[in-house]
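Here is a walk through one protein model, taken step by step. Keep the structure open as you read.

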Amino acid sequence: MDRAKTASAVNLASWLPLRALSGWSVKDLNGDLAAGITLAAIAIPEQMATARLGGFAPEIGFFAFVAGSLAFALFGANRHLSAGADSTITPLFAGGLALIATSGSPHYLALAAMLALMVGLLVTLSGVFRLGWIADLLSVPVTTGFLAGISVHIIVSQLPGLLGLPTEGGETVRRIGEIATNLHLTNPWSLALGLGVFGIVFVSEHISARIPAALIGMVLATLAVIAFDLKNRGVEVLGALPNGLPAPGMPTVDFQDAQALVPLALLIAIVVMVQTAATSRSFAPRDSDAPDVNRDFVGVGAGSILSGLFGAFAVNASPPRTAIVAQTGGHSQFSGLIAAAIVLALGAFGGGLLANVPQAALAGVLMFVAQHILRWQVFAKVWRQAKGEFALILITMIAIVVLPIETGVAIGIGLSLLHGIWGSTRTEPIELAQVPGTSVWWPPGDFSAGEQHPGVLVAAFQAPLSFVNADRFKRGLSNLIDASEELKLVVLEASNIVEIDYTAAQALIDTIRHCRDKGAVFAIARMESLRAQAALKRFGIAEIVGTERIFHSVDAAIKSLGPGKPQQQKQDGVP
């Protein structure tokens, strides 16, 4: 009873608010203060640029960061994770919303806030119901292709700002054509400012990730605008931002618009879960406990809900910002709260300080982000080691660039699932041989010459048994049985069969019948999965085979049922 009460208390404690601040003490203040200030310095230009990427005013990015940081500190588990506006998902909802409303219009802003609420609710519920496995639906090649496609979207959307050209809307391919046509109108001052900021951030990253290079570049670009009167030379600036805080409230969106947002919300929620899980697992708790991905889903999801209530957009976990907190000595989410307070003060009272920030400087920051999320090393490794999967990278990237972005993401998710299923469908039953002088049964290969027992077939199936491979299993094992001469015993080595569904169970029963029609005994060895064992009982297979013919090892099965043994003559009927 006491043990049950203790387990219940631990389970309850894992869901209490402020878990990411538990154990904090005054001695942690210096580390959290340094990390918080550094995080704010990096977040300010990044959140402004990301908001601009989505068609929002820069201060909206500040409020999204504050909402994400505050909500995650209350409900998340990871001590370092930073949630806020993120360039990975911003092109997704910006492209989707642009099909329904004009970018930057009140209707657009209301839809973005409603989408944030929907995404937040989906991610939060996924955490509450412990659906962290959803984050594993995207394979590495598909994720790499997705990020490459997003990178192209960011580059194309920011080239006009970098070059000082009019902003273009519409499909990515058409925008590329418009930019190429207007290249002769490039403003050299804007280009110099944008490339300068890009260069500062690029070089600084190779020196130390702790350097707030984006902020330094933005400040220097702003000073250049003032010193050389670049506004009169065609350089576009942000202008003074409105001071004050947004009033909380539900976004005004009709049912038809909300219904249209559902598919987009599902796609973005999956992307948020994938990135949150990756970030949570990459920055393990300092007490060496396993990362609580589900609890972190709740924290990030709550951030999107709070962001939507204050008129901002969906937030996401940020691997780069999380790394900064960990590297600069952050001990808890108190560092995130410090950064949020600084950003909130700037957004609420410091709008005038940002009046002369050039748009090209923000474009330079986003250009750096775009090249940063291109995983060139993964491209090269997949090309060298798995050329078939390299096609997944290219198809996903092209789909996201050429098609509507949410359609491209859906295709990427579908490809990832099909790729996983395809691997299971290609599994064939294989005949095993005994490694000489051991009790080990192994697939025949170049490393050792295996031994076969006369009249005995030992076969393995190295995948879960399900409807996608049931027929392949049945035909493959039946062919092995037919090819064996004077067969007396068939042993299914089942250590890799972790699941059996209804369709596969019927295929297994048919295979047992075929084996017995050939006059051989059928036995099962090394079925270690509890789910598979339960399936044997549930589908009546254990009764058909006979519990006395289910063994812990292949050797035990052969010693008990091999040719010449009395038990070998005994057969159970198959219904």
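Predicted model: local features only at pLDDT ≥ 70, side-chain atom pairs only at ≥ 80, totals over all residues.

Strand S3 (430–431) and strand S6 (residues 456–460) run antiparallel and are joined by 2 bridges. They belong to an open sheet of 5 strands. The order is S3-S6-S7-S8-S9, and the pairing is mixed. S3 and strand S9 (550–551) each have a single partner strand, so one side of each is left without a neighbour in the sheet.

Now turn to the largest pocket. Its volume is about 1,100 Å³. Of its 47 lining residues, Ser-318, Pro-319, Pro-320, His-372 and Ile-373 are the closest to the centre. Several helices supply at least two lining residues each, among them H2 (29–53), H6 (140–163), H10 (255–282), H12 (319–327) and H14 (359–372). H10 gives the largest share, 8 residues. By class, the lining of this pocket holds 27 nonpolar, 13 polar and 7 charged residues.

Helix H12 deserves a look of its own. Ser-318 caps its N-terminal end. A side-chain oxygen of Ser-318 lies 3.3 Å from the backbone nitrogen of Arg-321. Arg-321 is also one of the buried residues of H12, along with Thr-322, Ala-323, Ile-324 and Val-325. What covers these buried residues includes H2, helix H3 (58–75), strand S1 (83–84), H10, strand S2 (316–317) and helix H13 (334–349). Just after H12, Gly-329 takes a positive phi of about 95 degrees.

What about enclosed space? Rolling a probe the size of a water molecule over the atoms shows where empty space is left. A search of the whole structure finds 3 cavities of 30 Å³ or more. H17 has the largest share, with 3. The lining of the largest cavity counts 7 nonpolar and 2 polar residues, with none charged.

The second largest cavity has a volume of about 50 Å³. Val-325 is one of its lining residues, and others include Leu-39, Ser-69, His-80 and Gln-333. Val-325 is also among the buried residues of H12. The lining of the second largest cavity divides into 4 nonpolar and 6 polar residues, with no charged ones.

Key. Residues numbered from 1 in each chain as written. Heavy atoms only, no water. 1 Å grid on protein atoms, 1.4 Å probe; cavity = no way out; pocket = protein on both sides within 12 Å on 5 of 7 lines; lining within 4 Å. Points joined across faces, edges and corners; volume = space filled by probe spheres on them. Helix = DSSP H or I, 4+ residues; strand = E, 2+ residues; numbered from the N terminus. Nonpolar A, V, L, I, M, F, W, Y, C, P; charged D, E, K, R; others polar. Buried < 20%, exposed > 50% of the residue type's maximum accessible area, 1.4 Å probe, protein only. Contact = heavy atoms within 4.5 Å. Polar contact = N/O pair within 3.5 Å; in protein donor to acceptor, adjacent residues only side chain to side chain. Pairing = 2+ DSSP bridges.
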